[in-house]
Structure formats: C-alpha cells, structure tokens
Amino acid sequence: MLKFALKRLLLAIPTLWAVLTIVFVLIRIVPGDPTIVILGDQASEQARADLREKLGLAKSIFSQYIDFMWQIAHGDLGRSLATNRPIMSDVLSVLPYTLELTLASLIVGTVIGVPLGVLAAEKRDGFADWFARVFSLAGLSFPAFVSGILLLIVFSLKLRWFPVISSANLVDPIERLRALVLPALNLGLLMVAYVTRVTRSGMLKALGEDYIRTARSKGLPSRIVVWRHAFRNALVPVVTVVGLYLGVLIGNAVLTEIVFNRPGIGKLIVTALNQRDYTLLQGLMVVTAFAVVLANILTDLTYGLVDPRVKTE
Amino acid sequence: MNAPLIVDGVTTSIRLDGQRHDVVRDISFQVAARETLALVGESGCGKSMTALSIMGLLPAGIASVSAGKIIVDGIDMVAADETVRESVRGNRIGMIFQEPMTSLNPVLPIGFQVGEALMQHQGLSRSAARAKALDLLEHVRIPSAARRLDDYPHQFSGGMRQRVMIALALACGPKVLIADEPTTALDVTIQRQVLALLADLQAREGLAVLLITHNLGVVASVADRVMVMYGGDVVESADVKDFFARPTHPYSVALLAAMPRIDATEGPQPIPGQVPSLDAMPSGCRFQSRCHLRQDVCSTLPPLKPVAGNPGHQVRCWMRGDT
Amino acid sequence: MSLAASSGPPSRRHSRLTRLTRSMGLVIGLAVVVLMIVAALVAPWIAPFDPDDQDVLLILSAPDATHWFGTDAFGRDVLSRVLWGARVSLYVGFVATALGIVIGSAIGIVAGFYGGLIDRAVSASTDILLSFPQLIMGLLLVAVLGASLTNLIIAIAITAVPAFIRMARSSALAMRERDFIDACRVLGYSDLRIMAVHILPNSLDELVVMASLWMASAIRTESTLAFIGLSVPPPTATWGGIVREGFDNLLDAPWLALFPSLAILIVMIGLNMVGDGLRDATDPRAAT
C-alpha cells in the first residue's frame, strides 16, 4: 500500500507541472499591456516601467517561467497587485472557511446520497427509487448560485431561520456553525444528486452479479448481502464519482461563497477578478491546481483501499 | 432414514406480463446420502430453476414454487418463512455455481468468504472462522493455504477458485450439495481434478449431491442416477448404467447422439430445432415440436412409466416404455 | 445456461416499464427545450416591452398584470429581459457545444485512428485538462480573454473539448480494429474518408447524448459566469446577469432573481431529461 501511495505521489508531479504551466501561460495571454490594464491609460511611462519591473515583466518570458516555478517550489505565491500583501498569507487566512464548507458538504452529500442510492436500487421502481431519480435530475440541473439563492429566499427571507447576511465576524463557534448550515446544505444537496445516481446504478449492477447469489446461498440475511457484498463493490464507482466531483465542488464552492457572502477562496477569486489583480488570480489558480491534484491523489488512494485489484496488480 | 433431499411434486412458475408460465412441472425425486443424482438437459430446460427452487433463491416477485414440497434435511423449504430458509441455506445445504470467475466477491478476501457462513450459522468469532476456513482450504487442496487466506479472488486461477467455492459451500458441513455445472467453465484437466475432489469429499462427508450438467461425459463418470429434463418436465429417470445401456426417451437418444464419442462411427448429430420459448410451449409433451416420433396423442402429457419392467427406469413418452 | 433464461424475463419486464417512463421523460424534455428555443427565437415579437427600456417611475415593482415578472432596478420589464436573455444563453450553449464537438471529435478521431505518439500526447493532455474544474477553467479563460460574446463561446467550447476528445478517441480506437476498416483500406479509401464516413457515424449515438448533456453544462457555465459578472457586458440581458441584479436586490425584490433562475432551471432540467432519455433509448444496457 505504501509503495502504491508513493508511486501515485510521483505520478502527480508531471500533472501538477502541466497544470501550473497552463495557469502561467493563460495569465500571460491577457490581451494588451497589463500595465495599462492595471494603471489605466493615463499612467506615466515611468510608473508603467516601474510596475513592469515589479511584476518581472521586463525579463524574458522564459526567466519569468523559471521564477514562477521557483517561487511555487518555495511556497511563495508572490504579492497582490492591489494590496501588495503576500498572497500566501491571504490564502491561508481564508482557506479554513473554504475547507470547512467543502468538508461539511462532502459529509452531507455522502451521508444522504449513499443510503438513498442503496435504498433506490434495493426497492427498484418503488417510491424511494422514484424520489431518488427526480431528486438527482433536479440536483444535476441546478446551477449552484440558483439553488443557493432559492435556499436564501426560502430559509432566510421567508422562514427567517438563518441570517440573510452572515456576519463577517465568525469568531463565535455557534454563529460560525449556524452560518455554515445553508451553504453546506446548498453544496451538499447538489452533491447528493451525483452520489445518489452513481450509488444506485453501482448497486443495481452489483446486485445482479453472480457473487450476490453466492452470498445468498450462504444463508446471509439480506441486510448483510446488500451492505457487505453488494455495497462494497458499488463503492468503487462511488469513490470515482466523489473524486471527480471534488473538482465540481471547488467550482460550486466559489459560487456558494458569493451567494452566502462567506469568506473563502471563491470570494477571493471574485475580488481578484473585479480588481484585475492578476498576480492574486494567478496565485489562486495555483492553489486550485494543487487542490485538484491533491483531490485526485486522495481519490486514487481511497480507490486502492476499496478495490483490492488496484493495489495488487 | 429419510433422504437428505426430497423433492415432491414441485412446480415452479414465473409470471411474465401477468401470465403464469410453469418452468418446472410436477417434478419429484430424492437424493440419498452418498448418492449423486445428475440433472441433465439443454439450456432453458429447467435444471437451474429446479436448483434455485430447492435453495429458495428464486428471483423474488417474479418466480415462485407454486406447488409441492421440498424437504432439505427434514425442513420443508417451501412452507418455511425466509428466516428459516436462511438458516438452512449454506448450513444444511450448499451450492456451487458454474462461473468460478464471477461467483466469488472480488473485494473480500477468500478466507473471509469461506468462513462467513460459519460466523452466520455457528456463531463463530472472526478468528475462529478464519482458523476453520484454513482447514477447509487445505481440505480442498489449495497449495500453501495459510498464506493465501487473505488473498483476493483475482489472485487465483479458475480451478483454484472453484476449489474455494467448494470449500465455501461445504463450510458448515451440509448434508446436501447442489453443483450447478461445476466444471463447465474449466479446462478439461482441471475438470477432472475438481470432479475427483468432489467425489472424494462426498465419500468422506456422506453428502447427497445434486449435479446439474449438460455434459453426459461428466454424468457417466460421477453420477449414480440420471434425470433428463426437457421444458421443465422430467422425461427420463434411470440408474446411470441403465440410462447409457438403454436410453429410451427420443430426447435422451438425441442428447447422446449429439455428444462427441471416440468410439462413434459418425460425428455428433445436433438436435434439430431449439427449446420453444415460454409462451410458445406446446400443450402435452413439450418435446413434440422437435420429435420425429410425434403422433396426435402427444398433445396430451404422457405419464412417467417404467421401461422393460424396471421400476427404477422411467420414461415420459407415449411411444416408448411399457404400456 | 438456463440461469440466463431465469434472469432474462424479469429484466425485460423491468426495462419495459422503465423505458416507458423514460421515453415520456424524453418527450417532455424535448417539448420543454423546443418551447424555450422557440421563445428565444420569437422574443423580439412576443416580448411585451423593449428589454432595455428604462422606466424610472417603475423601479423594482412587484409582478402585476402589466409586468408579469415585475421590473428591475432600472424599471426594465423582467419578462422581456428573461425572453431576450434566453437568446444569449441558448446561443452560447448551442454554439459552444457545437464548437466543442467539432474540435474535440476531430482531434479525438485522429488520435484514436493513428494511435502512437499523437495519441499518447493527446490523451495525456486531455487527462490533465479534464482534471481541472470546468467552471474554474472557463472563469480563468474569460478573465484573461475579456468578457464578450465571442470570448465566452471560445472559453466554454475549450472546456468542452477534452470530454469530446476522449469520447471520439475511444470509439475510433474500437472501430480501428474492425475488419471493415481494413476492407476500406484495401479498397484504397483515404484515411480522411474512412474517418469521416465510417468512424464518425458509428459514434453518433453517443455523441448526441453527450451533446445534450454538455449543452446543459454549457448553459450552466454561461449563466454562472454571467452571475459572477463575466458574460456579455450590460445592458445586454443574460439570465445569469438578471439573477445577479436580483441577488443584489434580494431583500427588496426577491422575484427579480426568482424568474430568471426558474428559466435556467427549466432549460437545464429539459436538456438533462433529453440526455437521459436518449441515453436509455440508444444504449439499453445503461437503462438505470
């Protein structure tokens, strides 16, 4: 298992390098002179030259690329154009909020999605199955900002169970938890749609396999047949989809943070976009790239735990 | 003493679009301890449905036993509720399946899969079940079984997996074993080894074995008695010697002619036509659509009757058997 | 053997029942999508007001008989803006998906057909691109290209390309091994002709299913980017943009966000129903 994990980590390096290169190239194809974009066309030649120097734009594109990679290798994301603060510290200060949001929604998504999918497959064409199908169709159709706004309208404006604008100061743990509920539900319920769908089809496939008949021929009660024998196998596609969904989750987290006015990486991305803060945007993309690659590694490692064929072959 | 497996007048039906079709019709037999009864026929003749009826593993809501009694080691599987049936399955009766490649759970270690029934029926702890599983795997001659307890099915060859399946089916020391095409998916040399192992275990444990196969070569080498099924009916039933000496039903004759033989002067003769689909089954004798002896009387179902005054050899045909 | 016969009938029974409800879903989904497309096409004639006409006396008024969906912060008629917004969303969704299909299938078929180094390079880059979240990729692309209709289409098309590469590649790979492709070679057909006439049509079923699902995805990305403020700049009406304006006035005028949200939702559900229905119709094995 350790060998498998190490191998997987090594494999991630070229992927990470490629994604970082893409980010580097994209940020540099901003049309026009970035100093004009940043300073406006009234800026003096001297000011623009200074900025160019500061951004490292005076150097050749190749040495810019070396610098970029070198800094990242040292955990340095550069400084924000707008505030001149180190981007790393800005990221670190909001990262816990994004992490708690994604973690909470992962819990909501699996805790509801998996049993619903299993139940739907077990009682095929029954009420649970019908409900699961309608729910996952709806969940797959909702853009995260639409569902977020609907949740806000219903639970904050009409029912008044939660504050419309969560307080920016989230020191009080109770308040912080309360502010987490709606955003986590928003992200989590969207995830339930994916998880339910893949659990259901994975279970339907597993329940039709020969080894299920073998398990029943041993006289095992159906609860054990379903969970120990069928579900363990259905888990393989479920883990794959949850892993793939982590990417979607990162994107949806951005929207959820905007809608619920939560601090986090997503809010920071929007700030960077609005202020045309390209170094901040670049830094945030680097962080996202790391998160995605890390999520992929975790998925593959879980895969190795769930499916013995992966680690022994 | 009663036979460990008694099947008495069992009819199994499936419901398709609101219509009832009998896939097993009024079938009766017994299998005594140490005896092997072979159930023979083409695909779709009702062999596996018979096996699943005995095990109580018919697909729920679709197929069910609509008449008759199935007594496994003294317990009526038809009248019993699901809890009782669960306590019989894997405990008093075991089953091995055709596909050793897909019949084992790919994500559970084989030691656990073999010992699982022991935990369920005998309340053994995980470690006790594991120790017993090791014994069982050694019994079925898995080489260096101790090292392989925690291996997964994909690490075993087809023949070895079928040995694991046998160990799994026999874990709780059942009185009855159903073997559904246990060697069909295996190489010929491996087939022979697995059959020899089965015969050996049967002698040692005194098992009653119901062997389901379409391979008459296997029947000739291991069975004591033969029952030929066609379209859900038993069409011939005999001791294995009598059967091969005097195959009587036109279908049995055709089956034997379809088998390649070393001593034959001609090549194997395929049986013309196919088993009719469920909704196209003729009334009366179900083989009539493929039978060269067909007469008007065949639209009435013939009874089972003795052949040449031998009550142990029975045939269901108007044209054959004693009158 | 006979077990196949025993498990055959039940699954047939299930799928017949399921297929009926599913094909109903396909019909409903198609009807919804066609209705939306028609509404977008005839928006200039059926919209009750000019979508850009401001009425300072009627700011953020609630839905009534004149303004069915109410008015926005500039006193513009929301119903008219939602109808006109459909043009942007559906146009972007359709063109971006079409572009993604054309580029993606072309690259994928070539890679799968020739194999070797091209194939390995293409597969490696698709894997990397697919691992990056579609929304973030689209966001980054529009951010650096600048928000305009063309750039939006380019950005969303690029996010769709890797998925279509992968699909076209795998079907080309499977087809390449078939005998009739060899026969075509013997007959002296050019590679281009073999790819266009024999390989492409064989993946058409899968392509249509994926196209409908990706069109939903493209519309979602477009409206999301518009919500963030990265779509066709105002005053042009876009669904995501109107939702954003409504969101900024959520306390005073919740309906402003509600109606365009429902429009997005209805189109998304319609397209997903079409995609699911087509998948079941073309691939009976996947009838879940």
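This is a predicted model: local features need pLDDT of at least 70, side-chain atom pairs count only at pLDDT 80 or more; totals for chains, interfaces and linings use all residues.
User: Which element gives the most to the side of domain 1 of chain A that touches domain 2 of chain A?
Analyst: Two residues are in contact if their C-beta atoms, placed from the backbone, lie within 7 Å; here 16 residues of domain 1 of chain A meet 13 residues of domain 2 of chain A. Helices (H or I, at least four residues) and strands (E, at least two) are DSSP runs numbered from the N terminus. Two or more residues on the domain 1 side come from each of α1 (2-28) and α2 (34-39) of chain A. With 11 residues, the element that gives the most is α1(A).

User: How many nonpolar residues does that side of domain 1 of chain A have?
Analyst: Ala, Val, Leu, Ile, Met, Phe, Trp, Tyr, Cys and Pro count as nonpolar, Asp, Glu, Lys and Arg as charged, and the others, Gly among them, as polar. Beside 1 polar and 1 charged residue, the side of domain 1 of chain A that touches domain 2 of chain A has a nonpolar count of 14.

User: Let's move to the next chain: how many residues of chain B are in contact with chain A?
Analyst: On its side of the contact, chain A takes part with 19 residues. On the side of chain B, the number is 25.

User: Which element gives the most to the side of chain A that touches chain B?
Analyst: The elements of chain A that give two or more residues to this side are α9 (210-217), α10 (222-259) and α13 (308-312). By class, the side has 5 nonpolar, 6 polar and 8 charged residues. The one that gives the most, with 7 residues, is α9(A).

User: And which element gives the most to the side of chain C that touches chain A?
Analyst: Here 35 residues of chain C are in contact with 39 residues of chain A. Several helices of chain C each supply at least two residues, among them α1 (2-41), α9 (204-228) and α11 (254-282). The residues on this side divide into 25 nonpolar, 9 polar and 1 charged. With 10 residues, the element that gives the most is α11(C).

User: In what order do the 4 strands of the open sheet in chain B lie?
Analyst: Two strands pair if DSSP finds at least two bridges between them, and the pairing in this sheet is antiparallel. The edge strands, each pairing on one side only, are β2 (19-31) and β5 (75-76) of chain B. Strand β4 (residues 63-72) of chain B pairs with β5(B) over 2 bridges.

User: Which residue in β5(B) is the bridge partner of I71(B)?
Analyst: The pairing of β4(B) with β5(B) runs in the antiparallel sense. In β5(B), the partner of I71(B) is D76(B).

User: At about what angle does helix α1 of chain B run to β2(B)?
Analyst: Helix α1 (residues 47-55) of chain B lies across β1 (5-16), β2 and β4 of chain B. Axes are lines fitted to C-alpha atoms, for helices over the stretch in contact, and angles run from 0 to 180 degrees between N-to-C directions. The angle to β2(B) is about 75°.

User: What percentage of the residues in chain B is buried?
Analyst: A residue is buried if 20 or more other C-beta atoms lie within 10 Å of its own, exposed if 12 or fewer, and partly exposed in between, with C-beta atoms placed from the backbone. Chain B comes to 10 helices and 12 strands, and its C-alpha trace spans about 65 × 50 × 40 Å along its principal axes. Of its 323 residues, the buried share is 48%.

User: Is D26(B) buried or partly exposed?
Analyst: D26(B) is found in strand β2 of chain B, and its phi is near 45°, a positive value in a residue other than glycine. Because 16 other C-beta atoms lie within 10 Å, D26(B) is partly exposed.

Terms used. Residues are numbered from 1 along each chain as its sequence is written. Chains are lettered from A and ligands numbered from 1 in the order in which they are written.
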